[in-house]
Amino acid sequence: MKRAAQGVLTDKTFRDGLKMPFHEFWRLYLDAHRHPMTRGMHYSATVVGMITTALAILHQQPLFCVAGIAFAVTMAVTSHWWVEHNRPLIRVNAFYGALADLRMCWLALTGRIGAEYARLGLGAPEPRQHSLPAE
């Protein structure tokens, strides 16, 4: 397994993601979401996706749902580039990513996100120190 300087697995592909059990993806997912701001963007994106879906159903406007979910995904993905400085796992398994996002949100709402990081041996859910690349 190849790891980036930030510690997040970088060599998993879509094909690997289709064969991967959820518990293995879940560990990678949490490791890729160490920074509180990244998790916060994901929580916000989840809320946006849920609200726009509910509004789309209420107003019978399916395109509103599509636009809302697209905006939510954009929020979540860009948080990896701007905050976490890693690659989002959406290209590994988007379905697992959506499930993991909901699970992470639930754990945060119930105050158990730190315990989950500890249970998986990932340490505290804090940002990794980014080192400059060697020249």
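Colleague: Before we go on, what should I know about the numbers?

Modeller: This is a predicted model, where local features need pLDDT of at least 70 and side-chain atom pairs count only at pLDDT 80 or more, while totals for chains, interfaces and linings use all residues. Residues are numbered from 1 along each chain as its sequence is written, and side-chain values use heavy atoms, with hydrogens and water left out.

Colleague: Okay. Which residues of helix 2 are buried?

Modeller: Phe-25, Trp-26, Leu-28, Tyr-29, Leu-30 and Asp-31. Buried means under 20% relative accessible area, exposed means over 50%, and partly exposed is in between (1.4 Å probe, protein chains only). Helices are DSSP runs of H or I with at least four residues, numbered from the N terminus.

Colleague: And what do those buried residues pack against?

Modeller: The buried residues of helix 2 pack against helix 3, helix 5 and helix 6.

Colleague: Which residues touch the most other members in the largest nonpolar core?

Modeller: That core has 17 residues, and Phe-25, Trp-26, Tyr-29, Leu-30, Leu-89, Met-104 and Ile-113 touch the most other members. Two or more residues each come from helix 2 (22-31), helix 5 (94-109) and helix 6 (113-119). Helix 2 gives the most, with five. By nonpolar core I mean a set of buried Ala, Val, Leu, Ile, Met, Phe, Trp, Tyr and Cys residues joined through side-chain atoms within 4.5 Å.

Colleague: New topic. At what angle do helix 3 and helix 4 cross?

Modeller: Their axes cross at roughly 175 degrees and come within 8 Å. The axes are lines fitted to C-alpha atoms, over the stretch in contact for helices, with angles from 0 to 180 degrees between N-to-C directions.

Colleague: Let's zoom in on Thr-38. Buried or exposed?

Modeller: Thr-38 is buried, at a relative accessible area of 0%. This residue is in helix 3 (residues 36-59), and its side chain makes a polar contact with the side chain of Glu-84 at 2.8 Å. A polar contact is a pair of N or O atoms within 3.5 Å; within protein, one must be able to donate a hydrogen and the other to accept it, and residues adjacent in sequence count only if both atoms are side-chain atoms.

Colleague: And Ala-76?

Modeller: Ala-76 is in helix 4 and counts as buried at 12% relative accessibility. Beyond neighbours within four places in sequence, Ala-76 is in contact with His-42 and Ala-45.

Colleague: Last one: where is Gln-60?

Modeller: In the loop between helix 3 and helix 4. Gln-60 is exposed, with a relative accessible area of 68%. Its phi is near 55 degrees, a positive value in a residue other than glycine.

Conventions. Contact means heavy atoms within 4.5 Å.
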